[in-house]
Amino acid sequence: MSTETPAWMADIDSAALTALGAIEAAATLATLREAEVGALGRKGNVTALMKRIGKLDKSERKAFGAAAGGLRGKVTRAVSARREAIVQAAIAAELADTTFDETLPGLDGAPGHVHPLSRVQQELEDVFISMGFSVLDYPEVESEFDNFEALNIPGWHPARDMQDTFWLEGGHLLRTHTSAGQVRAMHQFKPPFRAVFPGKVYRYESTDASHDHTFHQLEGLMIGRHVSVGHLLDSMRTLLSAIFKRDVQVRLRPGYFPFVEPGFELDISCQVCDQKGCSVCKQSGWVELLPCGLVHPNVLRAGGLDPDEWQGWAFGLGLSRLVMMRYGVNDIRLLMGGDARFVEGFHPGT
Ligand code: PHE
């Protein structure tokens, strides 16, 4: 083996000088990147050396390969070290900037408060808890079965058109009503039981002052023996007086929902306009607030209950409507509109 310095060593040395020099000289991340590309990029000078390895004579290949590979490692480490140094220098410069005074007081944060929807929901939950109800939480992404089929609304049923839906993958959907929890509750609890389940519901529909694609309901369900329309009406009356803490006029109309029989629409006098007529009550003076009825035998069966042994009542309170009535909000879209100025108007104590 020759001890002479091979001729190509000069090429390695000069490539090292150029590459390491450029890296050391780089003062910003951008110029460092340029230096890195100049050495290790597709057309870089270190890359050019690496490409030469294959073309060399066998006797030279091993020594040259080791030298070129060694240089590549050195350049890579130099880039990392330089990058770290540039970043540290930038941090140090920022910390040394005395125009930043960390002892100055911060900006005044606006104190937050509870959204009117949450407030009314919590209030109702308290009323129901005091009457022996459980408060349940069911999913917003539902199965077609729980939202429709279990509620006596098969695929062909025209009632499906009343609640157009946001369909998701795999046959799932965004629940169109909190009634989707009824059969879940029947499977979850041994009768007799009573429960409310509040939450967000979704409908695929165009919006106006009294309709939004996302709104809130509170479902009530009571399962027991010998439950009749008399129980239903008495419970609804108790409930409304607890909610409004004052006299509101109510009217009862027959209402059709496939999952109750008989079914009713309970309307209250419009609290926004005092029955003078407004966009919320569509000039009628009345607002639909509480659809309700006796649980249909098919729904009891879907919940694994024998309709000869167990009956029940259910209601679906329009929580969004109730908030609008309570505070005189004349457009439902304000509730979920995400405008902080709207929520700001509802300070605690109002
Ligand atoms: N789920 C029905 C709706 O959203 C309301 C309802 C609930 C009716 C319970 C009767 C009983 O329109």
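This is a predicted model: local features need pLDDT of at least 70, side-chain atom pairs count only at pLDDT 80 or more; totals for chains, interfaces and linings use all residues.
Reader: Which residues come nearest the ligand?

Author: There are 14 residues around the ligand, and those that come nearest are His177, Ser179, Arg203, Gln217 and Gly316.

Reader: What lies 2.7 Å from a nitrogen atom of the ligand?

Author: That is an N or O atom in the side chain of serine 179.

Reader: And which side chains have a polar atom by an oxygen atom of the ligand?

Author: Two can be named here. Arginine 203 has a polar side-chain atom 3.0 Å from a ligand oxygen, and for glutamine 217 the distance from a polar side-chain atom to an oxygen atom of the ligand is 2.9 Å.

Reader: How much of the ligand does the protein bury?

Author: The protein buries 94% of the 320 Å² that the ligand exposes when taken alone.

Reader: Which elements give two or more residues to the shell around the ligand?

Author: They are strand S5 (214–224), strand S8 (286–295) and strand S9 (311–318). The largest share comes from S9, which gives three residues.

Reader: What classes do the residues of that shell divide into?

Author: Seven are nonpolar, five are polar and two are charged.

Reader: How many residues line the largest pocket, and which lie nearest its centre?

Author: The lining has 38 residues, and Arg203, Glu265, Glu288, Pro291 and Arg321 lie nearest the centre. Arg203 is also one of the residues that come nearest the ligand.

Reader: Which strand gives the most to that lining?

Author: S8 does, with six residues. At least two residues each come from S5, strand S6 (250–254), strand S7 (260–269), S8 and S9.

Reader: And what is the lining of the largest pocket by class?

Author: The lining has 17 nonpolar, ten polar and eleven charged residues.

Reader: A change of topic: how many cavities of 30 Å³ or more does the structure hold?

Author: The structure holds one. The largest cavity has a volume of about 30 Å³.

Reader: Which residues line the largest cavity?

Author: Its lining is made up of Ile153, Ala159, Met162, Gln163, Pro258 and Phe259. By class, five residues of this lining are nonpolar and one is polar, with no charged residues.

Methods. Residues are numbered from 1 along each chain as its sequence is written. Side-chain values use heavy atoms; hydrogens and water are left out. A residue is near a molecule or strand if one of its heavy atoms lies within 4 Å of it. A polar contact is a pair of N or O atoms within 3.5 Å; within protein, one must be able to donate a hydrogen and the other to accept it, and residues adjacent in sequence count only if both atoms are side-chain atoms. Accessible areas come from the Shrake-Rupley method with a 1.4 Å probe; for residues, only the protein chains shown count as cover. Helices (H or I, at least four residues) and strands (E, at least two) are DSSP runs, numbered from the N terminus. Ala, Val, Leu, Ile, Met, Phe, Trp, Tyr, Cys and Pro count as nonpolar, Asp, Glu, Lys and Arg as charged, and the others, Gly among them, as polar. On a 1 Å grid over the protein atoms alone, a cavity is a set of points where a 1.4 Å probe fits but cannot get out, and a pocket is an open set with protein on both sides within 12 Å along at least five of seven lines; lining residues have an atom within 4 Å of a point. Grid points are joined across faces, edges and corners, and a volume is the space filled by probe spheres set on the points.
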